[in-house]
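I opened this entry to keep track of what I looked up.

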Amino acid sequence: MEGSKLVGIIGTGDFGRALANRLLRCGYDVIMASRNPDLSRLISINPSLASVEVKTTKELLEDPNVEIVFLAIHSWNFESCLTPFKTQIQQKIFIDISNRERPSKTESNPERLVEAFPGLRVVKAFNTLSAYALESDTFGGAKQVLIASDDSTAREKISTLAREMGFTPIDYGVLRAARDLEAYPLTLMYGWGWPTLFCLCIFIGWNIVLCIAYVKFYMRSSHKFKWDHVPLAYVNKAVCLTAITLLALSYLPGCLAAFLQIINGTKYKRFPTWFDQWLKARKMIGLYALFFSVWHVAISGIYMSPGYLGSWFESTRVHFPENTSNFVYDFSVRMNLRGEGTISVGILALLMMSILGLSSLPSVGAVLNWREWRFVQSHLGYVTLFLVTAHVVIFALPGWMRDPTAMLLRSTFMCCVIPFIVLFMKLVLITPCIGGYLDKIRRGWERRKSHKVSGNQISLKYTNMSSSDSVDTFT
Ligand SMILES: Cc1cc2nc3c(=O)[nH]c(=O)nc-3n(C[C@H](O)[C@H](O)[C@H](O)COP(=O)(O)OP(=O)(O)OC[C@H]3O[C@@H](n4cnc5c(N)ncnc54)[C@H](O)[C@@H]3O)c2cc1C
Ligand SMILES: NC(=O)c1ccc[n+]([C@@H]2O[C@H](COP(=O)([O-])OP(=O)(O)OC[C@H]3O[C@@H](n4cnc5c(N)ncnc54)[C@H](OP(=O)(O)O)[C@@H]3O)[C@@H](O)[C@H]2O)c1
Ligand code: HEM
């Protein structure tokens, strides 16, 4: 960094101490200002701060060697802390790291500070990091420092400081952007709201379908419904039906988008907003599918026995020969082909889905190139959907064949309808003629039909865009 490697921090609280620690480790000299400047107190809390200088706020602000000062105090103390030093503060660059209790679209802490002290050079930064992230020894990783200020030179200087502290600075522009930066730490799982609600609705929907099916079945049958099996056996059904539905629903929009692009003859026509939102929610829906699958597998693993899944195991029926008093039977029941086949395919599907889940982690995605990422997310994804469908078909086919008329009403068949549709669409899309045409459209080619009706003649006009014009809209 140009100039001095000396930085000031006002406030010796959690964040101030974490900042000081990080700055020291990155080769900076640090002066901390406190209402009670006592180095021994600071060292007793954090021994690694022994080389810090502790002064009063007045001494720090009057030190001409200190240009950059972190305001590591709560925003409601800003004015009372700085008002006595109106002239000194004009020489400094202040970094406002404060957060709010509630986001505001009309004001931010640094804007209020500039209003109170006109001309003050303030930079909003570091507020999206926690004291823990600053203390963390793992320097790598994606730790971004979002920066906003009306003073571009100050913004530059703080970007350099952030970089030298081992972070990645991101320039957010003018101070007004501080409103967004202050809202950022207050948002809870941004973008997950409606996908979560959507997945919950699918889960509730399957529970309703299963309840209706159970009530109908037990009204007609002589068996009594056993509440004992609700926590595992019943819940497992609702969970795995939700898992397969969500997996299919994360791949359905990609296929629909492809057909829409073929019908429109261009990839540049905007999709309806709801469809666009669905495309953007595929990651969340896919990850929820993984969540429900792991839940299903955990339950299944526990009740994997002939008692629960009689048809998956060799027969457990034992015939005692007549008039035999000392008959011995070696009772070891193993799975039959149906059971082993279903489980084997299910395990493979889960492993593949886990690879999809891993590749959606930013740190893993970052080391994959575009082709590798698409291979995992798109190609392996469809193979996973195929395997999951096969898992259910192997399990359910004997039942479907036993009573084909009731097949449509079976949960095993109902849950396969969307996967069948998606797999069929994908099969059509990879045929050479349709796949080739789609590829052309996705490279930027457009089919523009201008219907010029002269007499009985309709002429079709085709235009071709160069591939450099193409914009890949994949997200
Ligand atoms: C466990 C798991 C994890 C997943 N993680 C992720 C993840 O991290 N990120 C992720 O994106 N998906 C994720 N998914 C969902 C899914 O794997 C991917 O979206 C996958 O790339 C879909 O491939 P596709 O070939 O169907 O569609 P694509 O080929 O990706 O899409 C079809 C076409 O639609 C168009 N299109 C797509 N999105 C838009 C858009 N927003 N606006 C306009 N046009 C658009 C493009 O032209 C694109 O070529 C995950 C799924 C699972 C099961
Ligand atoms: N903690 C985090 O993880 C985190 C993350 C992002 C942003 N922040 C922001 O960082 C700022 C500090 O947070 P913190 O967690 O460090 O809080 P804290 O532990 O409560 O520390 C605040 C410090 O401010 C000083 N102070 C208190 N009252 C004061 C007053 N009237 N006048 C001047 N100084 C006063 C005190 O230091 P002295 O006793 O030495 O004067 C005190 O230690 C806040 O604005 C917060 O929003 C914190
Ligand atoms: C290790 C992997 C897996 C194991 C051990 C496993 C086990 C089972 C078991 C035991 C059943 C029978 C449930 C019952 O009738 O009570 C079943 C059915 C089913 N499984 Fe799996 N499974 C696995 C993977 C998956 C995955 C990854 C999915 C979906 C994404 C899935 C979806 C289904 C569905 C939809 C059914 C049919 C439910 C019904 O209507 O009865 N399974 N599986």
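My notes follow, topic by topic.

**Confidence**

I am working with a predicted model. I checked the scores before anything else. The protein chain has an average pLDDT of 90. I found 91% of the residues at a score of at least 70. I then looked up the stretch 450-475, where the pLDDT is below 50. Beyond near neighbours in sequence, residues 450-475 have 38 contacts in the model.

**Ligand 2**

Next I looked up polar atoms facing ligand 2. Which ligand atom does the side chain of asparagine 77 approach? A polar atom of that side chain lies 3.2 Å from a nitrogen atom of ligand 2. For histidine 74, I noted a side-chain N or O atom 3.1 Å from an oxygen atom of ligand 2. Asparagine 99 uses its backbone: a polar atom there is 2.9 Å from an oxygen atom of ligand 2. I also looked up the cover. Ligand 2 taken alone exposes 880 Å², and the protein buries 75% of that.

**Ligand 3**

I repeated the search for ligand 3. I got 24 residues around ligand 3, and Lys237, His296, Tyr303, His391 and Ser411 come nearest. By class, I noted 16 nonpolar, seven polar and one charged in the shell around ligand 3.

Lysine 237 places a side-chain N or O atom 2.6 Å from an oxygen atom of ligand 3. Serine 411 has a polar side-chain atom 2.8 Å from an oxygen atom of ligand 3. Histidine 296 has a polar side-chain atom 2.8 Å from a nitrogen atom of ligand 3.

Which helix gives the largest share of the shell around ligand 3? I found that H10 does, with five residues. Helices H10 (230-264), H12, H13 (337-359), H15 (370-402) and H16 (411-429) each supply at least two residues of that shell.

**Aromatic pairs**

I searched the whole structure and found 26 aromatic pairs. I followed up one of them, phenylalanine 203 with phenylalanine 292. Their ring centres are 5.3 Å apart and their planes stand at 45°, so I logged the pair as tilted. Phenylalanine 203 lies in helix H9 (residues 193-220) and phenylalanine 292 in helix H12 (residues 282-302), so the pair ties together parts 89 residues apart in sequence. H12 is also on my list for the shell around ligand 3.

Notes. Residues are numbered from 1 along each chain as its sequence is written. Chains are lettered from A and ligands numbered from 1 in the order in which they are written. This is a predicted model: local features need pLDDT of at least 70, side-chain atom pairs count only at pLDDT 80 or more; totals for chains, interfaces and linings use all residues. Side-chain values use heavy atoms; hydrogens and water are left out. A polar contact is a pair of N or O atoms within 3.5 Å; within protein, one must be able to donate a hydrogen and the other to accept it, and residues adjacent in sequence count only if both atoms are side-chain atoms. Accessible areas come from the Shrake-Rupley method with a 1.4 Å probe; for residues, only the protein chains shown count as cover. pLDDT is the predictor's confidence in each residue, from 0 to 100. Contact means heavy atoms within 4.5 Å. Rings of Phe, Tyr and Trp (its six-membered ring) pair if their centres lie within 6.5 Å; planes under 30 degrees apart count as stacked, over 60 as edge-to-face and the rest as tilted. Helices (H or I, at least four residues) and strands (E, at least two) are DSSP runs, numbered from the N terminus. A residue is near a molecule or strand if one of its heavy atoms lies within 4 Å of it. Ala, Val, Leu, Ile, Met, Phe, Trp, Tyr, Cys and Pro count as nonpolar, Asp, Glu, Lys and Arg as charged, and the others, Gly among them, as polar.
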